Amino acid sequence: MVEKPLGILAEFDNQDRLLDAAKAARNEGYRSLDAFTPFPVEGMSEVLRIRDHRIGWLSVIGGFAGFFGMLLIQLYVNADFPLDVGGRPILAWPAFFVVDFEIMVLGAVLTPIIGMFYLDGLPQLYHPLFSTPRFSLASDDRFFLYIDASDPKFDKESTRAFLRSLEPATIEDVIE
Amino acid sequence: MVERALPLDETLHEISVDVGRVPLRFPARVPWAIAMVLSLMLVGLFLVSITYLFARGVGVWGLNIPVNWAFAIHLYVWWLGLGHAGTLISAMLLLMGQDWRNSLNRFAEAMTLCAVVCAGIEPIIHLGRPWFFYWMFPYPATMGVWPQFRSPLEWDIWAVLTYLTVSLVFWYIGLVPDLATVRDRARRRGWRVFFGIFSLGWRGSALHWDRWRRCYRTVAVIAVPLVVSVHSEVSLLFASGQIPGWHSTIFPPYFVLGAAFSGFAMVAMIAIVMRHTFQLGDLVTERHLDVLAKVLLASGLMTAYGYVFEVWDGLYSGNVHEIATIHDRFFGIYAWSFWGAVFFNFVPLQALWLRSVRRNTVLLFLIATSVVVGMWMERYMILTTSLYKDFLPSSFGIYHASFWDWSTYIGMIGVFFTPFLLFVRYIPSISIFEDKEVLAREHEESGNG
Amino acid sequence: MAQVFSRSADTRFRAIVLAILALSIGSLFVAGVYARSQYMTDVARTPLQPVPFSHKHHAGELGIDCRYCHTDVETSAGAGMPSTHVCMSCHSQLWTNAAILEPVRQSLAQDRSLVWHRVIRVPDYVYFRHDIHIAKGVACVECHGRIDRMPLTYRAKAITMQFCLDCHRDPAPRLRPRNAVLDFDWKPPADSKALEQKLVRLYKIHSPEALTQCGVCHR
Amino acid sequence: MSARAPDGTGRRWWQSLEELAGSESFAETIKAEFPSLFEMARVDRRELLRVMGASLALAGVTGCKPAKSDDAVPFVNRPPGFEEGRIDHYATAVLTDGFAQPVLATTVAGRPIKLEGNPEHPASRGATSFLTQAALLDLYDPDRSQAPLLRGTTADWADFDAQMQRWGAAWRANGGAGVRLLIAPTTSPTLIRQIEQLKAALPKLRVHLFDPLTGYGADPVTEALGAVQPLLRLENARAVVSLDDDFLGAGPAQVANAGGWAKRRGDVPNAERIRLYMAEATPTLTGANAQHRIGVRPSRVPLLAAAIGAKLGIAGPASGLTAEEFGWVNSAAAALLANRGKALLTVGRHSPAPLHSLAASVNQRLESSAIEYLEPIALVPDASYLDLVRDIESGQVAALFMFGANPAYAGPADIDFAAVARRIPLTVHAGIHYDETAAISAWHLPVPHPLEDWTDARSIDGVATIIQPVVQPLYDTRSLHTLLAGFMTDEPPPDARAIVRQHWAERLADENGWNAALKMGFVAGTAAKPATVSPRPMPIEVQPPPGGIEIVIRPDPTIRDGAGANNGWLQELPKPLTKVTWDNIIAISPATARSFGIAASGEPASNRCPMIEVESGGRTVTGPAWVMPGQPDDVATVYLGYGRRGVGRVGNGIGHDAYKLRTAAAPWTATGTLLAVPGMAVVATTQTHHRLEGGEEVPFVPAADARYGGATDGESIYPRWNEGERAWGMVIDTDLCIGCNACITACQAENNVPVVGKKQVYEGREMHWLRVGRLYTGQPDNPGTMFQPIPCMHCEQAPCEMGCPVHATVHSPDGLNLMVYNRCIGTRTCSSYCPYKVRRFNWFDYTTDAPPSIEAQRNPDVTVRGRGVMEKCTYCIQRIRGCAVAADIDNREILDGDIKTACQQACPTNAIVFGNLADAGSAAAKRRASPRNYALLGELGTRPRTTYLARIEEGEEQA
């Protein structure tokens, strides 16, 4: 027996056709769309209405945390064992800020990266898409449009028909 | 019209193949094997050297009072400088939207990583009691004593650690999509598992690409000031002392520029070698070398300005000790290092005004080599000429590099090349997807035009 | 193309990644705990002595003054270990043929020193002085614990640098009148604060800055 | 701090390398390929063990964990008065050329760890010379002779006693015919008395003196003036003219002379200031401190003497002076005449008799109060070494006892003592080392170090000190007193204490007097009585200057005649003028050097010196040519004391043996030729840089009350720290420093500063916490010379502290720049940042495997530094803490002068003053308030706690 697919994958041979297809799909009313491309395609985010600014904010937060976290450590250690170092003041702000800056950078870099992987749900070594024969070309020179079964408008037959109307190179069901 | 970064006849698939084949069907086995054996021998030399060093003490080096810093510290500065180009190329040029970077950034960053690792090792092995290096970190010890955050050395530890981490992750997230590409090209299961794991199951989803872009650019934006800060702090390790020849405000920019300069030279050398060895001529084109050479020339001229300014600064100060140090740099027993730096960093460089030279791989390689040597001499000069005669004649002393100075340094070169060779062998050493991006854009343009 | 990894691969992979993280962070924590463990600090270590000498009996029950044996404690850096002669000054009369005292008698007879094993020893770059601590009213018990209740002598406190610092940073609560320094059962009066202040003035206790400067203990 | 390496595995591991290093071919290839590796490969076994020690320390990453508890071993019977860690001071003395150098010996647990001057003693006033300081290390010298030897094989004292009784009996029968004593200079009243008694018992016995520092023949002073002891009273001198007399140089009188000299330097009005006119054949400390110095060829000195004599109407007119000499003679003579009563003419100990005679008459003529002639203090011998040799050759000597004499090494080159000695049936050598002479003697008898056994001696003013032992004898030795007593009795001879006590029986009859003398450190009222001298008039014969090169032969500035050759402290002590260590050089003038194509390089690299050969009378020595500023042209100076073969592991086989140029007739000068020979010598100097624009470090002022505008406390953006009631500081008066180096050795002894050896010093790794900078001004042919002791400045705003990442060097509230060895990880940033470069680093493990006897010398109050840590001057913090604790225990304040740093304590001129700057009444604060006060490199804003007083160069005065 053939069970319900997780979604349908349509293959195009360049990014322009993919973009047009994606536009069409959205106009058709499909919402849970995704595209798989060998490189970030200009304008795809706009077409698929992807607006995710969390990455930037993560970086800001991480930066702040790093800066003030280190500053706190420095203030604490100098308060805990105050020592006269070359007649310099105990709270040598200019000297402290140097290291604070470094740790700020560290935080501002690590948090968005960790965040990105978390939001992407990566690492994810197993994924149904990998079972689809031609999907491996998504990392080479092929461009795929994907409509997920979770889409309210999704219907095995009609969606297939719609996609075929976009004249893709191939159409495949993504099977569990 | 502007010259293209990549030839139009190249297709996306060819890029995958060109780059992917390097790890998958390794083309240059013999030269690689030879290089690997050599650099492993150097690693062996390094291990012997530090074993002896740890067994007996830093006295095995030619150090003394006053010249109690020499090779380890000047090489620390030098290695770190070499590293800088990687980050600059990938971050700064990314932000500037320079397409030509995309063929160079990957291995430039790898080179950065290896160089920073070497740079990180140097200050630790130069300690009198290296087994206590962890006292530099603020951990709650039963001693109740903490690190001293006013010390430039303390700054450097954090700077280098941050720089290492950032370079690593920046390099890796750029690598993930390409690892996925290779994973999908791979036939043997072993390869597919290997690349499958390290590509973290990347699928190239539009949503992921969107986040990836934001993330990558954010890191790039932060990486640029980081690079500048790192070598500025290294320079403060000297400028914070009152020793004539060190105590100068020119040092931070002077060091950063020098670093970039030597770094670009290193990148040029590696680019030429790899291009030749792996027939990547289509991706690392003459144009890339041309641009690289221009950047080299530019940063070289700025470094030269640094020399001029440093001398002028010393003379203008009117301080007898500063002037004495300048004099010693010109005519003292270490004059060879000063004039060596001036010559190797400036003279051959001028050939790069000629387009033909910029595009002649052999000449460019030689010039780059001369720059790397020149910067080596400059760092050496900055340390020794300032330390060996500072203020009081009764404390003047001379430094001779000992056998172990040299063996540790030469061995360190192996520590640099071994991981780099592993990189070129097993990891796509040119950014596949970014080149595809460029190619696609060029197709667009040509289509419209 | 077929899947490279099975479904469960993700779980395993993520587990491994987390495990590595946990280990690396955990090991640091463990190291910290280890550094404070009895193994490192030797707290409660009870070295085997040539004679099972009981401070509990001598100092506690009999109430012999510490200084009877540790004669130099008020006048020099070391407290001074009693010579065999000191032991025998009593034990030539008492327990004259107790088996456990045989080594002492041998020592005297053969003029060979008893070899005791130190319970506390600071590294040789630490210059600790008993005399000044006694003079400033710091009691034995502060470092040695309830010696008078030790059948066999053991290390009561972790003699780490932090331990020394704690007191040097805030000496007042550890002070008591000089005449009570050797008294293990001394109880601070009701208004201990007032006494502390009085002693600080009386004994001219230096400021924490002066007491915690490295040169106080390290030269 | 560093774990010891258990033997075994480690050794085996290194065995291979060691064997490799041994094999010749390997060594050659390596040498060819990598010279520095070759250096490395020549590690001896001790080094290897040290290596393992270090590497195991590496294995045990223990951080600050207290050492595992170890054993406590109490007494069985506690000696009365013993106290744990108790420090005692015993008044006693050590010897320099037989003269007492009064000291207080600091002992811990029955072993002396430091010698300090005896402040009560009139001659030294508490100061010491570097020789006195270093005498301590001789006691612990592991190479000391430890048992009697008969023809090189270990014997027993009983054997010797048996022999001695037979000989004694025989000699007492024949009156001691043919028995000779050859004895080193001694001032011991007991010994002198014993010798008299011996001569009474054995009338035919004769006593010969052996003193390479005064010559081998008749003593010129005695010739000219009879047996007297000249004693300078420089505190009374206003004008001093010295003809080649280095009275400020090393020697028994150095402390007293320097003290007297200093009384007329520093904060005295110019009218009271001592003016020193020096004519010398080779640069010396005295010349360096003279206002008016000329260098002349030795053959000119008599001429100058005659000329001065003529000016004062004593000798006949002298002619043939050069313009320079003429000018110098005029001003010198004028100064003498202008300061009648306060004027002094002094000539070198080695000068010929006529000069001594002339000087004495001039001083009498001038009624000089600056010199006294005392009754003889040292033993007056029957005859000289030359007489002895003559008698031996004529076969008159049957038995020769050599007490402390080493003619086989320190004899003149034209006498082959080894050959001569073969004609003596019985030779007995008693000495502290099994030296060159011991090796050719039948018997060798080890004698104790003065700190080990009872004896006595007199200081240069004749005051007698009873020398009491401060440590159980380390080895099976026997004192000269006992040995001499052995001549006169068949009984086992009495011990030294009995003999010494018996000698002082009548003067110090009752025990109280005796104990008082011991406690005080000298016997009151024993000062030598003034002697009346009537100088024998002697014509000064002025030879025409010989052709070729004139060779000046001088004792080495630190190890002198070679007796100190096995003393690491002396070997590593930089010679005052050349700053050379572990070696002797051949000094030639810049001009002479140029004529041989040798240039004085301005670069520190110049401590590679070209070899040069000095030839005289067919004998040659070859050594490194040293371009010596101020050396007269065509004069080569060679220094004695090196090239030893029989002194020990430290002193054997280094340097060249300049005795080879010494003749019995003319032990101090020779004529010959120079020859540049191929090859370079590595000379380990601590200061190679002959910079001639000195004066920036040591500025001049015209008078004691003139202000020098040097910055002490520069402005700072930082708020002031530590304004406590204690602010330690040091002020060094550059006008008082004569550059004698006593401070360096005192510091080395006090602070466990390791001796690192020639190679390390050459590499620039000497460990002295205190260096004496030498500065030249003016022209190389006759420069002005200055000295500047440079300890840690203890800057209030220390650059070093700023650089340390781990708080290993920080500031204490009382203003000390602390160095916490056990926190140091060895980044060396502090030293890089230090503008004064006063920090020292343990490049290797210099301490772990020191010989036990050296460990016994160490100061228990000072941490022994392990490998890989920085160290530096601490202002003797152990003394500060000791005083502070003592004061705190009885709730009192520290008084000014309670705390003396080791360098300050030793300084003979009181150039160094240490104290509490916060106490306006303290000596240090007063000095710091002086108008001459300035901070070294003050413009850097480091706010040094160590400051200096500017040097005084008063203008030319009209005589």
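The model is predicted, so local features need pLDDT of at least 70 and side-chain atom pairs count only at pLDDT 80 or more, while totals for chains, interfaces and linings use all residues. Residues are numbered from 1 along each chain, chains are lettered from A, and side-chain values use heavy atoms, without hydrogens or water.

A:Asp16, A:Asp20, B:Glu444 and B:Glu445 form a negative surface patch. Such patches gather residues with over 30% relative accessible area and no salt bridge, joining like charges within 9 Å and nonpolar side chains within 5 Å; a salt bridge is a side-chain nitrogen of Lys or Arg within 4 Å of a carboxyl oxygen of Asp or Glu. Two helices each give two or more residues to this patch: α1 (15–28) of chain A and α15 (432–448) of chain B. B:Glu445, in helix α15 of chain B, is partly exposed because its relative accessibility is 45% (buried means under 20%, exposed over 50%, partly exposed in between, with a 1.4 Å probe).

A nonpolar patch of about 570 Å² has B:Phe343 and B:Trp353 among its members. B:Phe343 lies in helix α11 (residues 335–346) of chain B and is partly exposed at 42%.

Turning to the rings, there are 87 aromatic pairs over all chains (centres within 6.5 Å; planes under 30 degrees apart are stacked, over 60 edge-to-face, the rest tilted). A:Tyr76 and B:Trp146 are edge-to-face because their ring centres lie 5.8 Å apart with planes at 80 degrees. This pair crosses between chains, from helix α3 (residues 54–80) of chain A to the loop between α4 (105–125) and α5 (152–185) of chain B. A:Tyr76 is partly exposed at 48% relative accessibility, whereas B:Trp146 is buried at 10%.

Conventions:
Accessible areas come from the Shrake-Rupley method with a 1.4 Å probe; for residues, only the protein chains shown count as cover. Lys and Arg count as positive and Asp and Glu as negative; His and the chain ends are not counted. The place of a charge is taken as NZ of Lys, CZ of Arg, CG of Asp or CD of Glu. Helices (H or I, at least four residues) and strands (E, at least two) are DSSP runs, numbered from the N terminus. Rings of Phe, Tyr and Trp (its six-membered ring) pair if their centres lie within 6.5 Å; planes under 30 degrees apart count as stacked, over 60 as edge-to-face and the rest as tilted.
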